[in-house]
There are 2 protein chains.
Amino acid sequence: MVTAEIIAVGSELLTPSRLETNSLFLTERLNSLGILVERKVVVGDREATLSESLRAALQRSQLVLLTGGLGPTNDDLTREAVAACLGRELRQDPEILNHLERLYERFGFQMAENNRRQALVPEGAEVLPNPKGTAPGLFLREGEALVFLLPGPPRELQPMVDDQVLPRLTRYLPIRRRFVRHLRVASLAESAVDARVESLYKAQPQVETTILSSLGIIDLFFTWCGRDDEALASRHLDRLVQQVRQELGSSVFTDRQEELEVVVGRQLLERGLRLATAESCTGGLIGKLLTDVDGSSRYFLGGVVCYSNELKQNLLGVRPETLERYGAVSAETASELAQGVCRLTGSEIGLSVTGIAGPTGGSDEKPVGTVYFGLSSKGQAQVKHRRIPGDRESVRMRAARFALDWLRTELEAFVS
Amino acid sequence: MVTAEIIAVGSELLTPSRLETNSLFLTERLNSLGILVERKVVVGDREATLSESLRAALQRSQLVLLTGGLGPTNDDLTREAVAACLGRELRQDPEILNHLERLYERFGFQMAENNRRQALVPEGAEVLPNPKGTAPGLFLREGEALVFLLPGPPRELQPMVDDQVLPRLTRYLPIRRRFVRHLRVASLAESAVDARVESLYKAQPQVETTILSSLGIIDLFFTWCGRDDEALASRHLDRLVQQVRQELGSSVFTDRQEELEVVVGRQLLERGLRLATAESCTGGLIGKLLTDVDGSSRYFLGGVVCYSNELKQNLLGVRPETLERYGAVSAETASELAQGVCRLTGSEIGLSVTGIAGPTGGSDEKPVGTVYFGLSSKGQAQVKHRRIPGDRESVRMRAARFALDWLRTELEAFVS
């Protein structure tokens, strides 16, 4: 059994306000190869402490992953500490330097002298490219042990682990294979999903089932781990996945690792329909999610962030009587907003959200979390109403996802 | 300077789904006494690993806090490992045993044989009562060092720290106090900030300076630790902070821990101005950020997500000639968008963004990352242009923050 040790570097991780979270991602990926994490260490930006931790780790573990401390500032010294600890010289890598210089030039910045430190490479180390940032990763073999130096920002670390680290682990270490299926569900509670599928996955204990929930999205992972061949794994996994899909029906929005807004985008494109949004309480979040997807201009026209009643009325044509009689947070307003944004933009489909995200603004009749949704096409509008739990951020994200998932199920029906 | 090491014990803390969080609370309490946490270690429920970690910690630190592994089950072995590591015998404490027996009796349970292990006390240890659970804490002095064994559940650990641990720290250790100042900067690169202030903070090595960067926001922390009184700390910190502020000028947007959108909101409110946005490449992200703030309806009217050229033209009045001659991503379009959204909404201030977020859509003339910003008031518009590095997500977030920061500096000038 291969064991690993994770050393997270950064004085900010020793303050009361910052948690070290990269190790969760790393553990998940290492576990997927059957590698256990035996120890996690957090140290500050001090060379002595770091060297000592690395030396101790190398005496115990075949695999050591260091995260953080690869930035351009003077308190970033993982490179230097590792080189000193392993007795290797640091050399400026002309290729990295050149790449950094071109990167800075392209954006019209003068490269600071400090940035040159990011081009330092310990003797014998392999450079791991970082498409998401300036600090490259490094890979060293020290006797039997493998040592990886990875950047601290999760958005830089994660792709580097998947693209650069995992392939090297399977090459150099004796590991098991792992097969995973992944289903994603929206607009259901985690406990409801679990109650419906529990008997199915319990009947297949060889498959490890994990259910995770995050602000309106439920992820179901089905994992097969073993030395066995792919055919056997697929047979077991496919049977369970098929049963779960049958039970959850159209609540499952994908079996690929894709976001709701990607699925909705594909549906719109396939049907040749364009979408416009009228967002009140979500304030632009649905537009932000839709335009997270490259190429979304082919089906998303845009819309109105109608945060004020003035814009609801003057721009989207919500009638003053509607606002007065039912209020801005009401089924009637949601309906007129969805129709209004179609009229204003010429879009085939209009999607609207109006609600009370909190923490202030609630009342007995309409407490915080009250949200109305409108969906308009061909001059007609449907309306939905939900009471959404959580704080301001949760209410807004859940509302945005509920709206997109409603649109998804309506679009599905649109062809069939 | 007293430094501490925290050792969290529990195999569940080495899985992909559980974060160790007790150390944040402990760090906060220790920092309040001027004690720095130099290292945090997470190990599983294995006696050898635990002993080794404790031994190493005692060689380095005057204070070691172990959390977890004091429960009644067989995988709880912190007591045994610590006793073995320090060469002390374990003895059953009749008082604890009696207390446990009465506790179980009171709740009508039969005490299991395993629970008797919770009454084991290493020779010379002091027992720390646990009013919230069954596992008492333990306190040992080993040479110059202090060792605390604390229960894992936060609701048991936290009162024990405040009531039992802190008083012992002030009794046995030369305690120092800790003072922090925090500045936040936008629209500058981390390396540029560092280059400009490096000589200032290096000239004051008694103050620990940390610089962190995240998608367009740079955080600078200045920390003073010492036996001295608050006046001395403030003198040193205030001098450095003042020098840094002078060097960075209006790039510093706050010395409180607040977001850019909060500062902008306050400025708008103070000046009685309302804002509307016209977002193309950011797709609603600026609206989302502004409305993250509760009460933002007092100064944010809303705006248009003008993702398509149709909306730019038909809704915001960008002239067809402008789009044809200069393109949607141009200074001219940014200017007309900002003016258009003022006209459309009646807002005093209009803020616009149009750019190429990538990964597709770039050209030689306008590569990915090219973004134009427009700011309109009183019928006039100003324009800025930036080349923003990074992937789609980074370009969009940096662009949104750049836009907000530009608005901030303009609003500052507005009064002065």
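In this predicted model, A:Glu279 stands opposite A:Val353 in strand 15 of chain A. Strand 15 (residues 349–355) of chain A runs parallel to strand 13 (residues 275–279) of chain A, and five bridges join them. Strands here are DSSP runs of E with at least two residues, helices are runs of H or I with at least four, and both are numbered from the N terminus; two strands pair if DSSP finds at least two bridges between them.

These strands belong to an open sheet of ten strands with mixed pairing, in the order 17(A)-16(A)-15(A)-13(A)-14(A)-14(B)-13(B)-15(B)-16(B)-17(B). Strand 17 (380–387) of chain A and strand 17 (380–387) of chain B stand at the edges with a single partner strand each, so one side of each has no neighbour in the sheet. From one strand to the next, the twist averages 15°.

Turning to the helices of chain B, the axes of helix 2 (residues 47–60) of chain B and helix 3 (residues 78–86) of chain B come within 9 Å and cross at roughly 55°. Axes are lines fitted to C-alpha atoms, for helices over the stretch in contact, with angles from 0 to 180 degrees between N-to-C directions. The two helices of chain B are therefore oblique to each other, a class left for angles that are not under 35 degrees (roughly parallel), over 145 (roughly antiparallel) or 65 to 115 (roughly perpendicular).

Residues are numbered from 1 along each chain as its sequence is written, and chains are lettered from A in the order in which they are written. Local features need pLDDT of at least 70, and side-chain atom pairs count only at pLDDT 80 or more, whereas totals for chains, interfaces and linings use all residues; side-chain values use heavy atoms, without hydrogens and water.
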